[in-house]
Each structure stands twice: as C-alpha cells, then as structure tokens.
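Welcome! Let us take a walk through this structure together, one piece at a time.

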Amino acid sequence: MLDHLAGAPTAAAVLNAAALLAGAWTFMPGALRRLVRGRLGVGLLMTIAAAGAVALGHLGEAAALAFLFSIAEALEDRAMDRAQHGLRALLALVPPTARVERPAQPTGSPGEHVVPAVQVRTGDVLLLAAGERVATDAVVLTGRSALDTSAVTGESIPVEVGPGEPVPAGSVNGTGTLRLRAVADGRDNSLTQIVRLVEAAHARKGQRARLADRIARPLVPAVLALAALVALYGVLVGEPELWLQRALVVLVAASPCAMAIAVPVTVISAIGAASKLGVVIKSGQAFEDLGAVRQVHLDKTGTLTRGTPQVVAVATISPVAASTSYNISSSASGTSADRVLRAAAAIEAGSTHPLAHTLLTAATLEQADSATLPDATDVHEHPGQGISGHWGGTAVRVGSTRWIDPGALTGDVEQMTAAGMTVVLVEIDGHLTGAIGVRDELRPEAAEAVALLRQQGLAVSMLTGDDARTAHALASQAGITDVRAAQTPADKASAVHPTASSRGGTAMVGDGINDAPALATATVGIAMGLTGSAAAIESADVAFTGTDLRLLPRAFAHARRGRSIMTANIALALAIIVVLVPLALFGVLGLAAVVLVHEVAEVIVIANGARAARLARRRRVTLEGAEVTGTDNANRRAASATPSR
C-alpha cells in the first residue's frame, strides 16, 4: 500500500507531462512559427503561460492550460474547416476537345480538325453540332440554334442565337448546326475567369482574423510587456525571485483561456442548431459574419424563382379576330386558348428544345385526358426559329417572333414581353392563332421572405443576368426596388465587393455557376438548395439544403443571437482578466487560485455558449393583411416596414 502511495506522485507527474505535451503540440509549434513571422496571437500567450507554470513547478496547472486550449483550438478548426477541392469541377463544363476549321495540310484547303479544347485560339472557327458543348467564348458566324446556358448563367429559358450573337463557353447547343468564331483562348475564357475570381476571393477571405484573435492581438503584447515590467521591477527593488514569480502568475492570470473557448463553443452549438433548420454553415468565420450582415443580394433564377419555366399566359385570336387575354390557371378544355396549347404541345412532343417540356406540361394540365392529344406528323425543326408539322391533318407552326409575324397579337406580345415573358407564337393552317407567354415564376414565399428580411433591418437587392424587363417585373412582385440586371459573373462579384469590407458586410444568395464569384467575394455567400451547381455550393460559406426562402430571415436571426452570445462570452473573459491581473500583481492570489478562477470562468462560458444551440421561437405577425411566420428577433421590428409592391 505504501509503495502504491509512493508511486502515485510519479504516475501523476507522468500523466500531467503527457497531457501537457499532447495539448501543447496542437498549438505551440504554430504559435512559434507565427512569432518568427512577427505575428502574435492567443497561442503565444498560452505557450508562455504553460512554460511559466512549469518553471514555477506547477506541472498540473500547465497541463490543464495546454489541454483546455488544445480542445478550444480543435473545436474552432473543425468549425472553420472548408473543402475546396470541388472548385475545379467548373472546368468540366469545357469539353475535352473541339472541332476547328483550319487549313488542311499540305494542300492548304479548309478542313475539319479535332484539337484539345485548351489549344483553341482567338479567331479559330469552331464547328458545333446539335447537343455539343461550346469550348470557349465565341460569336456565331453562320447558322441558327437555341442554346442551353443554364449550367453557365443559371437561366432556365433557352437563348435563341444567330449570326453575330455571342455564345458563352460551356453552353450546350440545341438542334441547329453552328459555325462560331472564338473570341477567347481555350485557357482564358469566361469559365476560367470564374475559377480565378473564386480562388482570389477565397484568398482574401483567408486573411481575415477570427473574432477572438482580433481582440487578443493587442492584448498579447500588452500582457507580455506587463509581465516583463513586473519582473524588471523585482530586479530593481532587489527581490527578483518574488517578483519573477508574480510576473509569471500575472501572465497566467492574463491568459485568455475563457476567451479561447468562448468562440468555438458558441460557434459549434449554433452551427449544430442551424443544421436542424436545413442551414449548413461551413466555418466559424462564416457564422460570425452571418450575424453581422446588413445587405442581402439575391440572384433571380433558381433563387427568387422556381428555376423551371412555366406557361403563365395565352393570348388568342377569336373567329372574329378579337384579341383576348387568357390566364392559364383559369382555362377550360375546349376554349381557343386550350386549342393553341394543345397544337403547340403536339408539334413540340418529339422536340429536344428546352421549352418543349414546358408546353407539354401546360397542355397536359389543361387536358383531362392527355391520351386524347393526337400525334403530330411530318415534324421539322427550324434551328433558331421554331418547329413545324401537321396535327390532325392541319399544318401548324410554332416559333419565335422573328419567324412568325405577331400581326394582330402585336399588342399582346408586347405586354407579355414587358412582363418578362418569353413569347412563343402558334400558327394553325397558315393563320396566326395565338401567343403563349412562358416565364420562370416567382417562388410563392419570396415576397414574404423579403418583407421579413426588411423587418430585420436588412437592405435587399436583386442581381441577375437576365434582361431588365424580366428582372424588374419579377422584382416588383417580390417587393424589391434595387434591381441590377444583365449582370455577368464578374459584374455580380464587383457589385458585392465594395460593401463586403464595410461595416456589417454583405450576403450573396444564389445557386448557379454564374453566382460563384459573387458568392466567394461577398462577406457571406449563401447557396440555395443542395441541388444547385457544385461551383455555387463550393464557393458559398453557407448552404441551404432546401429552397424555402423563409429560411433566410430565420438563419440571420439565429446568427445574430449566436453572435450576441459570443460577444457576451468574450466580455466575460475580458472582465475576468481585468479582475485577476491586479490581484495576481499584488500577491492576493497565487497560481493555483488563478487557475481555479479560470476553470470556473470556462465552465460559465461553455454553459452560456451552449445556449446558442437553442433556435429562436417562431411567432406570427400580420403583414399586409396576411398572417406570416417569422422569428422573434425579426418580428420585434415594426410590421409596417413592408416592401413596396
């Protein structure tokens, strides 16, 4: 028994030494490397404090300091870990090869050559068949077709192109054959520029200091200077041993142990709670920034809108040549509008054009028995113009206003276009019969979400690559007055950049590849829906697993609450330092008492940080006569702060 007791101190010393080494290894080498580069941080203070405790013979206290700090560092590193390996998936949109028209050897006559896409040079003539992807930015020389640019621009409605019109890299050709002239090299086009923009934005973000480090940066040299002055005072008064011991106690008292764990505990708790809302926050820095956002930029397609075009209006010419407006949601089978839809759907049934599915869906909804739609015959596609065929023995043409004259429906077509619709004209038996308006409709909860964001004091704007008429038409429905249309990926990044470093910062919400630079440049990038592009999700700091826009105000309110808890924790940690340092300086408290106070403070900080795991309760408010749901924090704002319609 005596032998066992005699060996206990040795075993305890070995365990303490092992704990000290294990804890110190996680932060001490990094702190010393940063010191060599002239950078001070919390890690350096903890390193000196642990060394001082060992020098005073308090191995257990040193082990406790190192172990607790290593846990704090591990928690925060885990919260701030980000996977960036998926960014290069952007470049998968560029085909591996391209067909180029170049002089054949040795005759010098033109010929077709297949070359790696990276070898395409400005001025090369590219040949593009149906279904092929564009290797680099180009303009159309000959041919007409419809391009699917959804993977690049996020726009769900295809773009009709003809001679002289631009074609972005990564677009997918429709049914026509095109000859293009490259306006950018295969290694330097719009897609590669997006990659560079995102990487540059990430590099800028990587230089941001965490909140605890920003506070500790001036604190560390001040504490070191104070400890040095205390030791120097002991030398001057002739009591170096006493005052050196007090200097080390002061150093331990001033060590921001509670501060070191205040941020990561709060962040981990809040991030875990946010995941229950379907909000994935990728880093501790993103969480801190999310709670300080004051400006929210929203992409249009796939974010404010559903991302899938729908038939929203039909205008027809009656037998007496009177033009009438028709709302698709209130049609009845057998009407002239229904006949226009059925004729267009029958002709488009076998087409690969992206709008074909939209017309088929609308016709099926209007027809109780879709099997009664007779098959079309003698169908021919006219790339860049439309499609023709026979339906029930009657000749039918379906196409754009550039192919079919709108005639008596000119006024209806202009109204549809002004409302942001893409117009498809239908001609039956040689006579113009109707015009179909197709638009990517606003999400039903968009206006409510925008109103709740404004109630939180957030400014809201729309950034979109779509044309101004479409953008303003949908923005007015959502209650957004700040609209920036025809934005390229670089334009979007520039739009969010000027305010990204200002007080409060910005959030960019999007889901497409064209949003990636803006998502990376904004203070906080938010990707809507995990079905969005890989580039958007990779570039974003926050990802929503769903697409309900009402998650936005809830997420902001949750982050603000967590940030306030974090601030309270840091204030408590600083207060403890302010109280302990004088007591240690005048010998009121020894090292053991100082360590004990720090331990108690850390328990309090951890308990307070755990409160961030609780989600804000939801309550109902009245907004423009309708009952809507929001968070307590959001709804405390005046309900009168509603958007203009």
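In what order do the 3 strands of the open sheet lie? Before answering, please keep in mind that this is a predicted model. The order is E6-E5-E8, and the pairing is antiparallel. Strand E6, residues 159–161, and strand E8, residues 172–173, are the edge strands, and each of them pairs on one side only. Have a look at how strand E5, residues 145–148, meets E8: the two run antiparallel and are joined by 2 bridges. You can find one partner pair by locating aspartate 148, whose bridge partner in E8 is valine 172.

Strand E16 covers residues 394–399, and its pairing with E17 is antiparallel, with 4 bridges. Here valine 396 has isoleucine 428 of E17 as its bridge partner. Strand E17 itself spans residues 422–428 and is mostly covered, with 6 of its 7 residues buried. E17 also pairs with strand E18, residues 431–442; these two run antiparallel and share 7 bridges.

Next, pick out alanine 345, which sits in helix H12, residues 336–348. Is alanine 345 buried or exposed? Its relative accessible area is 0%, and buried means under 20%, so alanine 345 counts as buried. Which residues does alanine 345 touch, leaving aside those up to four places away in sequence? They are Leu359, Leu360 and Ala363.

How many residues does helix H20 have? Running over residues 551–585, H20 has 35 residues. From its first C-alpha to its last, H20 reaches 51 Å, close to the 51 Å expected at 1.5 Å a residue. After H20 comes glycine 587, and the phi of glycine 587 is positive, near 75°.

Terms used
Residues numbered from 1 in each chain as written. Predicted model: local features only at pLDDT ≥ 70, side-chain atom pairs only at ≥ 80, totals over all residues. Heavy atoms only, no water. Pairing = 2+ DSSP bridges. Expected span 1.5 Å × (residues − 1). Buried < 20%, exposed > 50% of the residue type's maximum accessible area, 1.4 Å probe, protein only. Contact = heavy atoms within 4.5 Å.
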